[in-house]
Amino acid sequence: MLTGDHKATDTTSAGRATQSLLAPIPQPLILACLLQAVSAAARVVPFIAVAEIGRVLLGDAPDPTTVWWIVGIASLALALRLVCLMSAGALTHLADVDLQLHLRRQMARHLTRVPLGWFDARSAGLVKSALQDDVAALHHLVGHAYTNMVSAIVTPLVALAYLIWIDWRLTLVALVPVLTGVALYALQYRGYGEKMEGYTRELAAVNVAAVEFVQGIAVIKTFGQAKQAYGRFVKRTRAFMQSFWDWVSGLLGVSAAAEVVLSPLAALTITLAGGLALVAAGIVAPTDVLAFAVLAPALTAPFLLLSFSQQEMMLAKEAAQRIVGLLQTPSLPQAPVPQAPADAHVVFEGVSFAYDGGPEILHGIDLTLAPGTQPSWSASASPPRPGR
């Protein structure tokens, strides 16, 4: 968007842009993901402990010693989860702060080297959006997205392994809300990339209108154009609101259905209904249903968490593409080794100039400026060649 011809392409290009920006902080993210994996596994242990305590107490010969061992293991798992979770969160947020500082410095340094015409062709609102909003949009990706994804994978796998060990038939029942919810979300996010591109484009237009209105308020008031300028801002805002409503209004039904199916209450209800039916048929034992009643919500909760963060992840990937596009803007030539001038002479040899992609306006300029003298210059001023 900032480069004029840059547009969001496909998921692959967005992934490459994101990976290139995250290159300075791979080690903290990897370590945070490992700690989050341990935390996610430890999170399931207390639920397993509750199920096992119920199975022990409801068995033929309850053993208090076994119960206390299970309680001790659950307590250690809770402590381990707390330490790993806090450590992972601290690592990702510190990495996010370092990355934002690095990117803003890199972008500001690059903007000092691009031609002035680049700024003339773009509003201050777009530059502000890149340096501030786009960089800030990466916070969710760095601070939360990767660790949430690890939790969404590890937690259901650990719970699923335990449930399969208890009874594979009840496991199939517990997977019904998971598979249904995933199918609904796949339907909801069909064409999501194109819709998100339109969302970011309309939001950038609002930012541009707001910055232009604020920066030009003195001139606007001087010439009595406050009403017209405010009207343009309101028009952009209403266009954004209408575009956003047109997008989300068609998704409300599917989104609500997916959230209901993946909710802990729905998972518990479906699992209990299927479990009681199997108990009535004499296929499974009642104590086995208790384990599924406790663990079934652990299969759906991570998917619900990922669905809530999906929009922030898409916004972050779109922002990453725009940041990469800005950093790839051609800059003015720089001397490989900057040197201090030997004296006050200024010499131009064979200087030419052209607007971006256009024909040469000036070419063949030789100019010498010596201290205390009048400038002497010459130019081979031939007209631009055809086709230039």
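Leu-31 is found in helix H2, which spans residues 26-57. In this predicted model, Leu-31 counts as partly exposed, at 43% relative accessibility. The C-alpha atom of Leu-31 is 7.6 Å from that of Ala-88, although the two are 57 residues apart in sequence.

**Overall make-up**

The chain contains 12 helices and 3 strands. Of its 388 residues, 37% count as buried. Among contacts with a separation of 6 or more, 78% are between residues 24 or more positions apart. The accessible surface is about 22300 Å², and carbon and sulfur atoms account for 66% of that surface.

**Nonpolar cores**

The largest nonpolar core is made of 26 residues, and Leu-21 and Leu-138 have the most contacts inside it. Helix H1 (11-21), helix H3 (64-111), helix H5 (124-166) and helix H12 (286-327) each give two or more residues to this core. Beyond its neighbours within four places in sequence, Leu-138 is in contact with Leu-21, Asp-96, Leu-103, Ala-316, Ala-320 and Ile-323.

Leu-299 is located in helix H12. With a relative accessible area of 2%, Leu-299 is buried, because the cut-off for burial is under 20%. Leu-299 and Thr-155 are 144 residues apart along the chain, and their C-alpha atoms are separated by 7.3 Å.

**Helix H10**

Helix H10 covers residues 252-262, and its buried residues include Ser-255, Ala-258, Val-261 and Leu-262. These four lie on the same side of H10, because they cover an arc of only 135 degrees around the axis. The face turned away from the buried side carries Gly-253 and Val-260, which are exposed.

**Salt bridges**

The structure holds 4 salt bridges.

| Pair | N to O distance |
|---|---|
| Arg-55 and Asp-288 | 2.6 Å |
| Asp-134 and Arg-322 | 2.8 Å |
| Arg-169 and Asp-167 | 2.9 Å |

The salt bridge of Arg-55 with Asp-288 links distant parts of the chain, with Arg-55 in helix H2 and Asp-288 in helix H12, 233 residues apart. Arg-55 counts as partly exposed at 23% relative accessibility, whereas Asp-288 counts as buried at 13%. Glu-52 joins Arg-55 and Asp-288 in a network of salt bridges.

Asp-134 also forms a salt bridge, with Arg-322 as its partner. Asp-134 lies in helix H5 and Arg-322 in helix H12, so this pair ties together parts that are 188 residues apart in sequence. Both Asp-134 and Arg-322 are buried.

In the salt bridge between Arg-169 and Asp-167, Arg-169 counts as partly exposed, at 31% relative accessibility. Asp-167 is buried, with a relative accessible area of 7%.

**Nonpolar surface patch**

A nonpolar patch on the surface is formed by Phe-353, Tyr-355, Ile-361 and Leu-362, which together have about 440 Å² of accessible area. Tyr-355 sits in the loop between strand S1 (346-354) and strand S2 (360-369). At 57% relative accessibility, Tyr-355 counts as exposed, because the cut-off for that class is over 50%.

Terms used
Residues are numbered from 1 along each chain as its sequence is written. This is a predicted model: local features need pLDDT of at least 70, side-chain atom pairs count only at pLDDT 80 or more; totals for chains, interfaces and linings use all residues. Side-chain values use heavy atoms; hydrogens and water are left out. Buried means under 20% relative accessible area, exposed over 50%, partly exposed in between (1.4 Å probe, protein chains only). Contact means heavy atoms within 4.5 Å. Accessible areas come from the Shrake-Rupley method with a 1.4 Å probe; for residues, only the protein chains shown count as cover. A nonpolar core is a set of buried Ala, Val, Leu, Ile, Met, Phe, Trp, Tyr and Cys residues joined through side-chain atoms within 4.5 Å. The arc is that of the directions from the helix axis to the C-beta atoms. Patches are made of residues with over 30% relative accessible area and no salt bridge: like charges are joined within 9 Å, nonpolar side chains (Val, Leu, Ile, Met, Phe, Trp, Tyr) within 5 Å. A salt bridge is a side-chain nitrogen of Lys or Arg within 4 Å of a carboxyl oxygen of Asp or Glu.
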